[in-house]
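Work through the exercises below with the model open. Each task is followed by its solution in steps.

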Amino acid sequence: MAHDANSGSLVATGTCTKPDLSQMLSVHDFEAVASKSFNPKAWAFVSSAATDLYTKKRNTSTYSKIHLRPRVLRNVSNVDPGTTLLGHRLRVPMFASPTAMAAVVHPEGEMAIGRAVKASGMAYCISMSASFPLQDIVQEIRDYSIQPTHDTPLFLQFYFNKNRSLSEALLKHAKQLGVAAIFLTVDAGSTGKREADERIQISERIASPSSGVAATSDAKGGGLGRSLGSFIDNSVTWEDLKWIRYHAPGLKIVLKGIQTPEDAVMAMEAGVDGILISNHGGRTLDTVPASILVLLELQKNCPQIFAKLDVMIDGGITRGTDIFKALCLGAKAVGFGRSTLYGLNYGYEGVVKLYDSEYEHHGKRYVAIINGLTVLRDELEATMKVCGVTSLDQLHAGYLNTLEVDKLIYTKSQL
């Protein structure tokens with residue numbers, strides 16, 4: 001599907017000339033360009049977080065307080081950052097986290113993200129509030145030719161709809177399409193108060209085919225996230241996992257939004273396949289702990305879960321060293337939400353360059369030297385080499401010094 005990588009729906013024109021994609025050296029560069037080139041509403045929607053933004057900021061800053069302990073004089077001439085997630089082999093321990101209404105950033109939205117994910121050998125968790133119908137996104141990814149071929153696992157973010165029959169139909173549809181797992185989002189009993197998003201009114205029709213919800217402004221403001229989440233049933237309990245299994249037998253279940261050891265243990269006992277440590281990028285409830293602190297808390301209080309569950313994490317990861325630290329603490333893979341949308345500012349090319357350094361499409365070889373999540377892959381591999389690691393199964397907490405943040409972690413005696 002041909003398109004202009006520099007075009008973008010809801011992106012302001014004339015206020016910022018975007019630098020050439022080759023000049024993007026980091027996720028921070030993509031974010032800086034997005035802050036100047038997104039339409040004000042698009043920027044408010046993507047960048048906003050709950051109330052005072054403490055959790056959003058701490059998601060990122062806490063990583064710098066965890067220190068690396070490199071090992072030396074090891075043969076690191078070849079490193080492999082590949083992993084297995086929910087039974088699927090990935091070239092890198094990364095996945096695209098669900099991000100609602102990606103078309104507010106670029107008209108190809110989830111279509112471009114999906115192709116980039118496939119090109120990069122990652123996994124994709126498709127938002128339930130995507131801009132396109134689920135079947136169209138899945139078909140776009142499957143039709144996209146890439147060499148060498150590799151597995152592209154697709155997951156679906158799932159909320160229970162207040163109309164349970166619609167939830168049943170969606171689960172059946174997802175299974176028919178070959179979706180590998182359902183990511184039941186459990187941290188959204190209420191949508192967060194995202195003041196930047198609320199302050200700017202919704203000026204055009206924005207609707208999600210998957211959820212059937214159209215966003216509108218109201219007396220509370222123009223919160224796109226709040227409006228899109230109006231269909232969510234907040235009466236869901238642990239017992240409803242049985243309902244999912246009954247209506248979607250064989251689909252793996254991941255709980256997205258685990259934030260305490262107590263719930264991680266309950267997830268294990270409930271027999272789910274994985275958990276995603278996430279606080280919605282700080283978008284739902286402010287002052288909850290940074291995601292990486294929750295991962296550390298799980299390591300200290302319920303280490304048994306890592307043998308039973310695939311543990312994932314997202315929120316605030318901007319560097320390859322961040323990925324390395326999360327993997328050392330037991331994560332199987334890390335997710336990227338806002339970063340994906342910042343790359344999408346440049347269309348498919350921006351996202352694929354975020355995710356990987358080289359790929360082949362229709363016989364043409366592309367090489368992305370340095371940018372975005374390409375930097376993250378390169379930085380991850382560099383971190384592995386400097387720390388004396390050649391494969392991810394060699395990682396453990398001994399490569400980290402967590403003393404600076406240990407005082408922030410609940411222990412079993414306090415629980």
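**Exercise 1. Which residues does Ile 313 contact, leaving aside its neighbours within four places in sequence?**

Step 1. Set the cut-off: contact means heavy atoms within 4.5 Å.

Step 2. List the partners. Ile 313 is in contact with Tyr 63, Phe 95, Leu 276, Ile 277, Ser 291, Ile 292, Leu 295, Ala 326, Ala 331, Ala 333, Val 334 and Gly 335.

Step 3. Note another core, of 14 residues, lying apart; Leu 85, Phe 95, Leu 276 and Ala 333 are among them. A nonpolar core is a set of buried Ala, Val, Leu, Ile, Met, Phe, Trp, Tyr and Cys residues joined through side-chain atoms within 4.5 Å. Buried means under 20% relative accessible area, exposed over 50%, and partly exposed in between (1.4 Å probe, protein chains only).

Step 4. Turn to the largest nonpolar core. It has 114 residues, and Ile 275 and Ile 313 have the most contacts inside it.

Before going on, keep the basis in mind. This is a predicted model: local features need pLDDT of at least 70, side-chain atom pairs count only at pLDDT 80 or more, and totals for chains, interfaces and linings use all residues. Residues are numbered from 1 along each chain as its sequence is written, and side-chain values use heavy atoms, with hydrogens and water left out.

**Exercise 2. In what order do the eight strands close into a barrel?**

Step 1. Helices (H or I, at least four residues) and strands (E, at least two) are DSSP runs, numbered from the N terminus. Two strands pair if DSSP finds at least two bridges between them.

Step 2. The order is E4-E5-E6-E7-E10-E11-E12-E13, with parallel pairing. From one strand to the next, the twist averages 25°. Angles run from 0 to 180 degrees between N-to-C directions, and axes are lines fitted to C-alpha atoms, for helices over the stretch in contact.

Step 3. Check one pair. E4 (residues 94–96) and E5 (residues 123–126) are parallel and share two bridges. Phe 95 stands opposite Ala 123 in E5.

Step 4. H4 (residues 109–120) lies across E4 and E5, at about 155° to E5. H6 (residues 164–176) lies across E6 (154–158) and E7 (181–185), at about 175° to E6.

**Exercise 3. How do H4 and H14 cross?**

Step 1. Take the axes. Those of H4 and H14 (residues 347–355) come within 8 Å and cross at roughly 35°.

Step 2. List the residues that meet. H4 brings Ala 112, Ile 113, Arg 115, Ala 116, Val 117, Ala 119 and Ser 120; H14 brings Tyr 348, Val 351, Val 352 and Tyr 355.

**Exercise 4. Is Asn 279 buried or exposed?**

Step 1. Asn 279 sits in the loop between E11 (274–277) and H11 (291–301).

Step 2. Read the accessibility. Asn 279 is at 3%, so it counts as buried.

Step 3. Find the polar partners. The Asn 279 side chain makes a polar contact with the Asn 59 side chain at 2.9 Å. It also reaches the backbone nitrogen of Gly 282 at 2.8 Å. A polar contact is a pair of N or O atoms within 3.5 Å; within protein, one must be able to donate a hydrogen and the other to accept it, and residues adjacent in sequence count only if both atoms are side-chain atoms.

Step 4. Compare Thr 287, found in the loop between E11 and H11. Thr 287 counts as exposed, at 54% relative accessibility. Its phi is near 75°, a positive value in a residue other than glycine.
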